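Take a moment to look over the model below. We will walk through it step by step.

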Amino acid sequence: TNTYNQLKYIFENRKTSQKTKFRIFKSHVESIFTYNCELWTLTKKHEETIDIFQRKLIRRILNLNWQDKVSNDKLYKRTNSTPWSQTVKQRRLTWYGHLLRLPEDTSARKSLKEAKNPCKKRRGGQKLTWLKQIEKDLEKVEFKTAVKNRDGSFNTVEVKEHEKMAQNRHVWRLIVDRALHTLA
């Protein structure tokens, strides 16, 4: 909100076009809010809170109050934006694919390998870890994809481990898109 408040004079100016306002909003407010979001673990409640906050800011820019009945979907279409919770999921899965493509000897890859090692669980409810969040994001995605052959034809391939699929960036992008569409 601090960044938004610093730019409030632009967002409330009636002479500034909506297109310009939302370009500034995306470049300044959204980029600061979603900085380093690839590493966030979010519960459903946190995701809803983030999206509510985003819609509140968008409604302020559009000068809409509670009496103006505009659905959330129409609001996102009108502003050509996506919910920040979806942006977080997309960035998290994209980063995970990048992490899986890194060489084995990098420190990030060693940390991932160490995090996957089984350990004794503490009593009580288990905390949501980043890896569990990734599994949750990918659990609804079917790991069947069409792979293009050299002759231009397509084959349907089923791969059991997403680590193997992440090695091909094109295939991984398809998986991320499919994960976002099944989670929406």
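Where is the place of I50? I50 sits in helix α4. Keep in mind that this is a predicted model. Is I50 buried or exposed? Its relative accessible area is 10%. Buried means under 20%, so I50 is buried. Now look at what surrounds this residue. Setting aside neighbours within four places in sequence, I50 is in contact with F33, W40, L42, W84 and S85. Take F33 from that list. F33 and I50 are 17 residues apart along the chain, and 9.7 Å separates their C-alpha atoms.

Step back to the whole chain. The protein has 184 residues, and buried residues make up 36% of them. There are 10 helices and 2 strands. Read from the N terminus, the order of elements is α-α-α-α-α-α-α-α-β-β-α-α. Next, consider how the chain meets itself. Take the contacts between residues at least 6 apart in sequence: 61% of them join residues at least 24 apart.

Now for the nonpolar cores. How many residues does the largest nonpolar core have? The count is 22. The residues with the most contacts inside this core are F11, F25, V29, L57, I58 and W84. Which elements give two or more residues to this core? They are α2 (8-11), α3 (18-33), α4 (44-61), α5 and α6. Helix α4 gives the most, with 5 residues.

Zoom in on I58, one of the residues with the most contacts inside the largest core. Leaving out neighbours within four places in sequence, I58 is in contact with F22, F25, L75, Y76, T79 and S81.

S81 is found in the loop between α5 (72-79) and α6. Is S81 buried or exposed? Its relative accessibility is 12%. That is under the 20% cut-off, so S81 counts as buried. Beyond its neighbours within four places in sequence, S81 is in contact with K26, Q54, I58 and Y76. The side chain of S81 also makes a polar contact with the side chain of T79, at 2.8 Å. Compare sequence and space for another pair. S81 and F22 are 59 residues apart in sequence, yet their C-alpha atoms are 9.1 Å apart.

N80 is in that loop between α5 and α6 too. Here the relative accessibility is 64%. Exposed means over 50%, so N80 counts as exposed. N80 also has a positive phi of about 55°, although it is not a glycine.

Move to the loop between α3 and α4, where N36 has its place. The phi of N36 is near 65°, again a positive value in a residue other than glycine. N36 has 39% relative accessibility, so it counts as partly exposed. T34 also has its place in the loop between α3 and α4. With a relative accessible area of 1%, T34 is buried. What does T34 touch? Not counting residues up to four places away in sequence, T34 touches W40, W84 and R91.

On to helix α6, where Q86 is found. Q86 has 19% relative accessibility. The cut-off for buried is under 20%, so Q86 counts as buried. A polar atom of the Q86 side chain lies 3.4 Å from the backbone oxygen of L180.

Finish with the largest pocket. How much space lies in it? The volume is about 710 Å³. The pocket is lined by 27 residues, and the closest to its centre are A115, K116, T129, L131 and K132. The elements that give two or more residues to the lining are α6 (84-101), α7 (107-116), α8 (130-138) and α9 (162-165). By class, the lining has 12 nonpolar, 6 polar and 9 charged residues.

Conventions. Residues are numbered from 1 along each chain as its sequence is written. This is a predicted model: local features need pLDDT of at least 70, side-chain atom pairs count only at pLDDT 80 or more; totals for chains, interfaces and linings use all residues. Side-chain values use heavy atoms; hydrogens and water are left out. On a 1 Å grid over the protein atoms alone, a cavity is a set of points where a 1.4 Å probe fits but cannot get out, and a pocket is an open set with protein on both sides within 12 Å along at least five of seven lines; lining residues have an atom within 4 Å of a point. Grid points are joined across faces, edges and corners, and a volume is the space filled by probe spheres set on the points. Helices (H or I, at least four residues) and strands (E, at least two) are DSSP runs, numbered from the N terminus. Ala, Val, Leu, Ile, Met, Phe, Trp, Tyr, Cys and Pro count as nonpolar, Asp, Glu, Lys and Arg as charged, and the others, Gly among them, as polar. Buried means under 20% relative accessible area, exposed over 50%, partly exposed in between (1.4 Å probe, protein chains only). Contact means heavy atoms within 4.5 Å. A polar contact is a pair of N or O atoms within 3.5 Å; within protein, one must be able to donate a hydrogen and the other to accept it, and residues adjacent in sequence count only if both atoms are side-chain atoms. A nonpolar core is a set of buried Ala, Val, Leu, Ile, Met, Phe, Trp, Tyr and Cys residues joined through side-chain atoms within 4.5 Å.
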